[in-house]
Amino acid sequence: MSPAAPPTDVDQLFARVRLVPVVVVEDEAQALALGAALLDGGLPVAEITFRTAGARAAIAAVTRELPELVTGAGTVINADQVDQAVDAGARFLVSPGLSVDVVRRAQHHGLPIFPGVATPSDIMAALALGLDVVKFFPAGINGGVPAIKALSAPFPGLRFVPTGGVSAANATEYLSVPSVLAVGGSWMVEKSLVEAGDFAEVTRRSAQAVALAASLAAREADVPAAPAADAVPLAPAGPTAPTAPVAAGK
């Protein structure tokens, strides 16, 4: 069994942000507009998937023009795509499944990779390759939160990034599981929004997602949420009744 890799800066970013937008874009222009919208919404990370012919150029454009956005390549399914992603400047890789060739090529380049797993056998293979963070995919149809909790018991050191079926409605349920490092999702970057050029809505949804994750972190740390800037203190309902004197000896 290979030794576990030390935490990377990408791991630490995922742990802080807790959200990984899964992005599908056709070209550089869409990628740059979307990347700017994510940053405006407070999300400094994006996974641009290798599902389109323009994915490699899109990753290269974003890493060149928006270096503050930590950009990875998703849907990486063979070693050649690993090389393409590296050449484009990707900071991390995500795969829908576990391929030894893909993982080893990524490790050869020194790039963090998060392969997809769905079974204990997948996880054991990932651990044998020295990985301690994996993508749980597709999360929704593979049991969701209960499945992750069950898999965490025999593999206590493993952390998951569930993707597939994660939405604004259930993201906090996933993020509340201690073994979940972050969640991957596309609800804030829906392809229909990108195609329509509605990047203001991407920013709005991204900001909402960031606020959701921050609210959960505050609750877990038992830190009272700060009052809204426009909050008005509530006035007393009426005169306060005088306090009755306490009898001696009571």
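A salt bridge is a side-chain nitrogen of Lys or Arg within 4 Å of a carboxyl oxygen of Asp or Glu. The views below are taken from a predicted model, in which a search of the whole structure finds 11 salt bridges.

View A. The side chains of Glu-201 and Arg-204 form a salt bridge with an N to O distance of 2.7 Å. Both residues belong to helix H10 (residues 199-220) and lie 3 residues apart, about one turn of the helix. Glu-201 also forms a salt bridge with Arg-205, where the closest N and O atoms are 2.9 Å apart. Because Arg-205 and Glu-201 are 4 residues apart in helix H10, about one helical turn separates them. Shared partners join these salt bridges into one network of Glu-190, Glu-201, Arg-204 and Arg-205. Glu-201 has a relative accessible area of 17% and is therefore buried, the cut-off being under 20%. Arg-204, at 41% relative accessibility, counts as partly exposed.

**View B. Salt bridge between Glu-28 and Arg-64.** The closest N and O atoms of this pair are 3.9 Å apart, and the cut-off for a salt bridge is 4 Å. Glu-28 is in helix H2 (residues 28-40) and Arg-64 in helix H3 (residues 55-65), so the pair, 36 residues apart, links distant parts of the chain. The relative accessibility of Glu-28 is 36%, which means that Glu-28 counts as partly exposed.

**View C. Packing of helix H4 against helix H5.** Two packed helices are described by the angle between their axes and the distance between the axes. For H4 (residues 79-88) and H5 (residues 100-109), the axes come within 8 Å and cross at roughly 30°. H4 is therefore roughly parallel to H5, as angles under 35 degrees count as roughly parallel. The crossing of the two helices is right-handed. On the H4 side the contact is made by Ala-79, Val-82, Asp-83 and Val-86, and on the H5 side by Val-102, Arg-105, Ala-106 and His-109. Sorted by class, this contact of H4 with H5 has 5 nonpolar, 2 charged and 1 polar residues.

View D. Strand S7 (residues 159-162) contains Arg-159. With a relative accessible area of 24%, Arg-159 is partly exposed. Leaving aside residues up to four places away in sequence, Arg-159 touches Asp-11, Asp-132, Val-133, Val-134, Ser-179 and Leu-181. Leu-181 is 22 residues from Arg-159 in sequence, and their C-alpha atoms are 5.8 Å apart.

Definitions and conventions. Residues numbered from 1 in each chain as written. Predicted model: local features only at pLDDT ≥ 70, side-chain atom pairs only at ≥ 80, totals over all residues. Heavy atoms only, no water. Axes fitted to C-alpha atoms, helices over the stretch in contact; angles between N-to-C directions. Parallel < 35°, antiparallel > 145°, perpendicular 65-115°, else oblique. Left-handed = near helix turned anticlockwise from the far one by under 90°. Contact = heavy atoms within 4.5 Å. Nonpolar A, V, L, I, M, F, W, Y, C, P; charged D, E, K, R; others polar. Buried < 20%, exposed > 50% of the residue type's maximum accessible area, 1.4 Å probe, protein only.
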